[in-house]
Amino acid sequence: MCGIAGLIHRGNSADIGSQMTSMLQALKHRGPDSTGFALYGSGKNQDYVMRFKVAEQEDLATGFDIQHAIKDRQATVDSRLEEMGVSITSKEQATEYALRYRIAFDGDLKRVIDYVEDVDGVEVLSIGHALELIKDLGDATVVSNQYSLSGFDGTHAIGHTRMATESDVDIRSAHPYWAYPFNDVSVVHNGQLTNYWTNRRDLERRGHRFMSDCDSELIAVYIANRIERGDDLHTAMSRSVDELDGVFTYLVATADSLGMAKDVMAAKPMVLYESDDLIALASEEVAIRSIFPHEIDTFDPYEGEVRVWQS
Amino acid sequence: MAELNTDHESHKLGMHTEQLSGRTQQVFFSPSADENFTYPYAIDVDFAKEAEFDAAAMEISDINLKIRELMKEGHGTITIKNPSAKHSLGVGILNRLNLKFEGSLGYFGCGLVDGPNIHITGRVGWSCAENMMSGTIVIEKNAGSTFGAAMRGGDLVCKGDVGSRTGIDQKGGTIIVGGRAGAFSGFMMQRGRMIILGDAGKNLGDSMYDGTIYVGGKIEDLGVDAVEGEINDVEAQWLETKLALYGMKAPNGVKNLTKIVAGKQLWNYDNLEPSEKKLVL
């Protein structure tokens, strides 16, 4: 089933870590397997934030060797970053297997990412000036506490609660998906794509990489491909409504915008609240209500509808 | 059971064109008849006896149980504050009752009801009033998709916009939409009436077997086998009266509504319920 949620503050910032946690916790019944956040910080600087993992959570139960492997993988990542001329300005260990680096680099980031991900067990979850992508097993409160998301000041966010139907219960298959190799672009999705393999083969031929077998990842890669070919976000999303088969509602966030798209059958739910200073949308109204103490007016976007808002 | 003759007033409305017989057919609609319904073992409630409670901190099942408790105490008018878009509220009420929700409901609100008059001051989520049998439900704001799915009787009114697949599999009763209705509204409709005062999305009335849809705005396109019909005087009178009940009006008068009916006999109803059929065979 899965639940998705998004919010964007227009012209200001707020504790989006707590807000998104609250929204996703209200959607726990739609998918308890994993929870993910794509949070967009309000601070703009030239550094990149790189979130990556060096193992799956389930790997920790496989024996003592994994601890050594994690250390070795992190050391290899560090040396490869240095080799590529990337300056690491800060390091944080979010969990035993997930790390947050602040890096400075003005070259080809795609080459850096490809080289880092060439290390066995390593996956870059996100890179961006504003984006921080966090996903792990468990409900929203568990993941939020694990990664200390409360108090995260930002302008917008998207999130996902996953009920695994098409692929495994692991971080790799959890949402959001980062639209590699584009900074600050992330996607969450509720639904099923029926022309997944046709599109995936086409995108792989164009040089895009897939880290999972989850159909939702296709949307992120599809959007990345369209942006690469010159589409703006709204155009890319509108094209996806025609070209992606299946039933879906998805959200995309960039450094300064939030978009939603719904398939032509309108088979997956989305409830929208819109005011002058805040947009909030979710698979169920209870998620939006969780951050509003008072009565609000909401509505359902229609079939085939695409909307994009700026922060 | 209504008389199964061929010159019933409903035929003038173009609502039944087939030869009706057997138990599978519902009671005929008549614009002049009183809607007189009863339900066995109904609780004797007094509409003048009012109760109110705040649902903000309550679980869904506790809210529904509280409604039943209050009915058993004889309360015929119940107001629920802060329903907070929770799911499955006000379901399975098989009794006369004035029920008011001050706020919005989530998914599957007021499903399987038979008799109550329900007023919702906010919005409702997907699948409101699914399988509604009788009574009235009035929503002041918008509604989600599959509004009134498989509804069999009563009046279901949304004063705002509704989502897609409104009245899917509708088997009776009346759905009124003040604004726009989404795609596939009236999909596989089998009986009853739907009045959409705003625009209708694509594939309106797709694969409808019977029933009638009236649209005040633009129709994006019609579904398979749905065709336009003509509104006669009896229908116009009924539409005027029905809309006036809820303080609503057709944008350009009821005569200018577009009437949509099934253009092809897609049904092959049996005279017997499946259980009876087994016995016969």
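Modeller: Chain B of this predicted model has four helices and 11 strands. Of the 281 residues in chain B, 47% are buried.

Biologist: What share of the contacts in chain B with a separation of 6 or more joins residues 24 or more positions apart?

Modeller: In chain B that share is 31%.

Biologist: What is the mean pLDDT of chain B, and where is the pLDDT below 50?

Modeller: The mean for chain B is 86, and 80% of its residues reach 70 or more. Over residues 16–26 of chain B the pLDDT is below 50, and this stretch has 16 contacts in the model beyond near neighbours in sequence. Residues 272–281 of chain B also stay under 50, with six contacts beyond four places in sequence. For the model as a whole, the scores are ipTM 0.82 and pTM 0.85.

Biologist: How many residues of chain B are in contact with chain A?

Modeller: There are 21 residues of chain B in contact with 14 residues of chain A. The side of chain B that touches chain A comprises four nonpolar, 13 polar and four charged residues.

Biologist: Which residues make the contact between α6(A) and α7(A)?

Modeller: From α6(A) come Ile219(A), Tyr222(A), Ile223(A), Arg226(A) and Ile227(A); from α7(A) come Ala236(A), Arg239(A) and Ser240(A). By class, this contact of α6(A) with α7(A) has five nonpolar, one polar and two charged residues.

Biologist: Let us turn to the backbone. Is the peptide bond from His175(A) to Pro176(A) cis or trans?

Modeller: The bond from His175(A) to Pro176(A) is cis, with omega near 0 degrees. Pro176(A) is placed in the loop between β9 (153–162) and β10 (177–178) of chain A. The bond from Tyr180(A) to Pro181(A) is cis too, with omega near 5 degrees, and Pro181(A) is found in the loop between β10 and β11 (186–193) of chain A.

Biologist: What is the phi of Asn82(B), and what is the phi of Asp169(B)?

Modeller: Asn82(B) is not a glycine, yet its phi is positive, about 55 degrees. Asn82(B) lies in the loop between β2 (75–81) and β3 (98–102) of chain B. Asp169(B), also not a glycine, has a positive phi of about 65 degrees, and its place is in the loop between β6 (155–158) and β7 (171–177) of chain B.

Key: Residues are numbered from 1 along each chain as its sequence is written. Chains are lettered from A and ligands numbered from 1 in the order in which they are written. This is a predicted model: local features need pLDDT of at least 70, side-chain atom pairs count only at pLDDT 80 or more; totals for chains, interfaces and linings use all residues. Two residues are in contact if their C-beta atoms, placed from the backbone, lie within 7 Å. Helices (H or I, at least four residues) and strands (E, at least two) are DSSP runs, numbered from the N terminus. Ala, Val, Leu, Ile, Met, Phe, Trp, Tyr, Cys and Pro count as nonpolar, Asp, Glu, Lys and Arg as charged, and the others, Gly among them, as polar. A residue is buried if 20 or more other C-beta atoms lie within 10 Å of its own, exposed if 12 or fewer, and partly exposed in between; C-beta atoms are placed from the backbone. pLDDT is the predictor's confidence in each residue, from 0 to 100.
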